[in-house]
Amino acid sequence: MKNKFLIAAAEIIGFTLLALFLVYKLYILPRMAEAYDGVPVESGLLIFVCVYLIGIIAIGFHIYRSMIKPAGRAQEELKKAAEESRKAEVIRKEFVANVSHELKTPLTSISGFIETLQQGAAEDPEIRTKFIDIIAIETSRLKRLIEDLLVLSDIENRKESADTKEFCVRDVLEKTVEALEPIAEDKDVRLIADYDEEARIYGSPDRFRQMMVNLIENAIKYSEQGGRVWVTAGITDGKTQVIVRDEGIGIAEEHLERLFERFYRVDKSRSTKAGGTGLGLSIVKHIAALFGADLKVESKAGEGSVFYVTFER
Ligand SMILES: Nc1ncnc2c1ncn2[C@@H]1O[C@H](COP(=O)(O)OP(=O)(O)OP(=O)(O)O)[C@@H](O)[C@H]1O
Ligand SMILES: [Mg+2]
């Protein structure tokens, strides 16, 4: 900026001196040397003033373009960056508050049950078994929460996975669906799979599996007893697309916008009862971003949901 200012000052001074020199040489000097006849000296001055003004306007325009305009733009960018950093700070504070709350709830429950057991409830075998079961459930919820937080932090730090390569979508989906079959069976939900063998994508197969586990698990979890879940992988318009569809409880429109936010749950008590951390879809969103994939959801309360993940090929 300082350099640009010096250049502009040198331009103005240089141009002024040049204009003065030319007028002196071309108009004033000849008219002083020769006998004055014809063009009055004032015309020379008028031409000098015109040339000088045009030059100054040109330099002014140059200064505007090289200094004032970029300075304005830089100020706007600075303002935008400050606003973004303020928003990031709000999100960070919210996140810390949410994490603390999510950690505190199961911990309070665990310590409460332990205390009750210590105060004598442990004498009754029935109560003891019941309380220990609750403690086990809450402990596994804590473990899941911490695991999910670590996954999120890993993805957010953009840790490049060592297993990044081109892989066949069908191979990973087959194993994922197979691993989730017992959960589906428990709920009497039928998993229907259909994969195009040609569908291939580039990235980490393990991250892809994590994303699919979350989507398929949700589809099963938010389905009614006896429902069906479709997992399909195909190629649409030259792009690999994976679709997870269910005919479960669905999601009302007003929730769709915030669905992928961390800890956002449509029905908090139902999700918590089902052992949910509310981080699943946020993990899905981050992994989709890692793959450069487009993530879309269509859903209607009471009718079911469809999640589309479209990969650039
Ligand atoms: N297929 C679906 N059908 C209906 N609601 C869904 C579906 N998938 C997600 N949701 C809603 O979106 C919320 C957020 O989902 P997300 O997977 O992030 O969390 P969660 O399932 O509650 O917990 P977690 O995935 O950690 O077990 C859920 O609580 C649920 O209300
Ligand atoms: Mg989930």
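**Exercise 1. Work out what secondary structure residues 5-24 adopt in this predicted model, and how far apart the end C-alpha atoms are.**

Step 1: Check the secondary structure. Residues 5-24 come out as 100% helix and 0% strand.

Step 2: Take the end-to-end distance. The end C-alpha atoms of this stretch are 29 Å apart.

Step 3: Look at the record. UniProt, in an unreviewed entry, lists residues 5-24 as "transmembrane region", along with residues 44-64.

**Exercise 2. Find the domains of the protein chain and say which helix gives the most to the side of domain 1 that touches domain 2.**

Step 1: Domain 1 covers 1-159 and domain 2 covers 165-311.

Step 2: Count the contact. Domain 1 puts in 11 residues, and domain 2 puts in 11 residues.

Step 3: Assign the domain 1 side to helices. Both α2 (41-118) and α3 (125-156) supply at least two residues there, and α3 gives the most, with eight.

Step 4: Sort that side by class. You get five nonpolar, one polar and five charged residues.

**Exercise 3. Describe how α5 packs against α4, then how α5 packs against α8.**

Step 1: Know what to quote. A packed helix pair is described by the angle between the axes and the distance between them.

Step 2: Start with α4 (residues 169-186). Helix α4 and α5 pack at about 35°, with axes 10 Å apart, and the crossing is right-handed.

Step 3: List who meets whom. From α4, the contact includes V172, L173 and L180, while α5 brings residues including F208, M212 and I216. By class, this contact has 12 nonpolar residues, one polar and two charged.

Step 4: Turn to α8. Here the angle with α5 is about 145° and the axes are 9 Å apart; this crossing is left-handed.

Step 5: List the partners again. Among them are R207, Q210 and N214 in α5, and G280, I283 and I287 in α8. The tally is eight nonpolar, four polar and one charged.

**Exercise 4. Characterise the shell around ligand 1: how many residues surround the ligand, and which are the closest?**

Step 1: Count. Ligand 1 is surrounded by 24 residues.

Step 2: Pick out the closest. These are Y222, V266, S271, G276 and G280. G280 also turned up in the contact of α5 with α8.

Step 3: Trace the helices. α5 (205-221) and α8 (280-291) each supply at least two residues of the shell.

Step 4: Sort by class. The shell holds nine nonpolar, 11 polar and four charged residues.

Terms used: Residues numbered from 1 in each chain as written. Chains lettered and ligands numbered in written order. Predicted model: local features only at pLDDT ≥ 70, side-chain atom pairs only at ≥ 80, totals over all residues. Near = placed C-beta within 6 Å. Helix = DSSP H or I, 4+ residues; strand = E, 2+ residues; numbered from the N terminus. Nonpolar A, V, L, I, M, F, W, Y, C, P; charged D, E, K, R; others polar. Axes fitted to C-alpha atoms, helices over the stretch in contact; angles between N-to-C directions. Left-handed = near helix turned anticlockwise from the far one by under 90°. Contact = placed C-beta atoms within 7 Å. Domains from an automatic or database assignment. UniProt positions renumbered as here; feature names shortened; annotations may be inferred.
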